[in-house]
Amino acid sequence: MSVPLRVHYAEAKGEQAGLALAAWLDTLPGQPGFLGAELLTSPEQPGLALVASRWAGEGPPLAVPDGVRAWAFEVRRSLGPGYTPGT
């Protein structure tokens, strides 16, 4: 049986959104189950920044900065490297 994979999203809005999430992103490596993360911005959505992080197992409880919204999801199916049909 494989270890469940979780994806955690954190969203910030405002002029300093990217800076706030960049600092928070730097706190994630080294935490139990951390697999990787990205800071996402788009010119089509100015003032919006997201951090998408991937975790093995449940992952630790993540305290996000004030004003940041966050959600955690269990991965039910994945395509790409490591993809196994039927999972």
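Predicted model: local features only at pLDDT ≥ 70, side-chain atom pairs only at ≥ 80, totals over all residues.
Local features were considered at pLDDT of at least 70 and side-chain atom pairs at pLDDT 80 or more, while totals for chains, interfaces and linings use all residues. Residues are numbered from 1 along each chain as its sequence is written, and side-chain values use heavy atoms, with hydrogens and water left out.

The chain contains 1 helix and 4 strands, where helices (H or I, at least four residues) and strands (E, at least two) are DSSP runs numbered from the N terminus. Read from the N terminus, the elements follow the order β-α-β-β-β. Of the 87 residues, 24% count as buried; this class means under 20% relative accessible area, exposed means over 50%, and partly exposed lies in between (1.4 Å probe, protein chains only).

The 4 strands form an open sheet in the order β2-β3-β1-β4, with antiparallel pairing. Strands β2 and β4 are the edge strands, each pairing on one side only. On average, neighbouring strands of this sheet are turned by 15 degrees against each other, direction ignored; the axes behind such angles are lines fitted to C-alpha atoms, for helices over the stretch in contact, and angles run from 0 to 180 degrees between N-to-C directions. In general, strands of a sheet pair through backbone hydrogen bonds, either parallel or antiparallel.

Pairing of two strands was assigned where DSSP finds at least two bridges between them. Strands β1 and β3 pair in the antiparallel sense over 9 bridges, and A12 stands opposite A49 in β3. Between β2 and β3 the antiparallel pairing comprises 7 bridges, with R54 in β3 as the bridge partner of G36. The hairpin of β2 and β3 has 6 residues between the strands, and G47 takes a positive phi near 80 degrees there. Strands β1 and β4 are joined, again in the antiparallel sense, over 6 bridges. In β4, A72 is the bridge partner of H8, and R69 is that of E11.

A search of the whole structure finds 2 aromatic pairs, a pair being rings of Phe, Tyr and Trp (its six-membered ring) with centres within 6.5 Å; planes under 30 degrees apart count as stacked, over 60 as edge-to-face and the rest as tilted. Y9 and F73 form an edge-to-face pair, at 5.9 Å centre to centre and with 70 degrees between the planes. This pair links distant parts of the chain, as Y9 belongs to strand β1 (residues 5–13) and F73 to strand β4, 64 residues apart. Y9 is partly exposed at 33% relative accessibility, and F73 is partly exposed at 42%. F34 and W55 also form an edge-to-face pair, with 5.3 Å centre to centre and 70 degrees between the planes. F34 lies in strand β2 (residues 34–41) and W55 in strand β3 (residues 48–56), so this contact ties together parts 21 residues apart in sequence. W55 counts as buried at 2% relative accessibility, whereas F34 is partly exposed at 24%.

Y9 and F73 also take part, with W71, in a nonpolar surface patch of about 290 Å² of accessible area together. Patches are made of residues with over 30% relative accessible area and no salt bridge, like charges being joined within 9 Å and nonpolar side chains (Val, Leu, Ile, Met, Phe, Trp, Tyr) within 5 Å. Accessible areas come from the Shrake-Rupley method with a 1.4 Å probe, and for residues only the protein chains shown count as cover. W71 lies in strand β4 (residues 69–74) and is partly exposed, with a relative accessible area of 35%.

Charged contacts complete the description. The whole structure holds 4 salt bridges, each being a side-chain nitrogen of Lys or Arg within 4 Å of a carboxyl oxygen of Asp or Glu. In the salt bridge of E74 with R6, the closest N and O atoms are 3.6 Å apart. Because E74 lies in strand β4 and R6 in strand β1, this pair ties together parts 68 residues apart in sequence. R6 is buried at 18% relative accessible area, and E74 is partly exposed at 37%. R69 and E11 meet in a salt bridge at 3.3 Å, N to O, which connects β4 to β1 over 58 residues. E38 and R54 form a salt bridge at 3.0 Å, N to O, between strands β2 and β3. Salt bridges that share partners join R6, E58 and E74 into one network.
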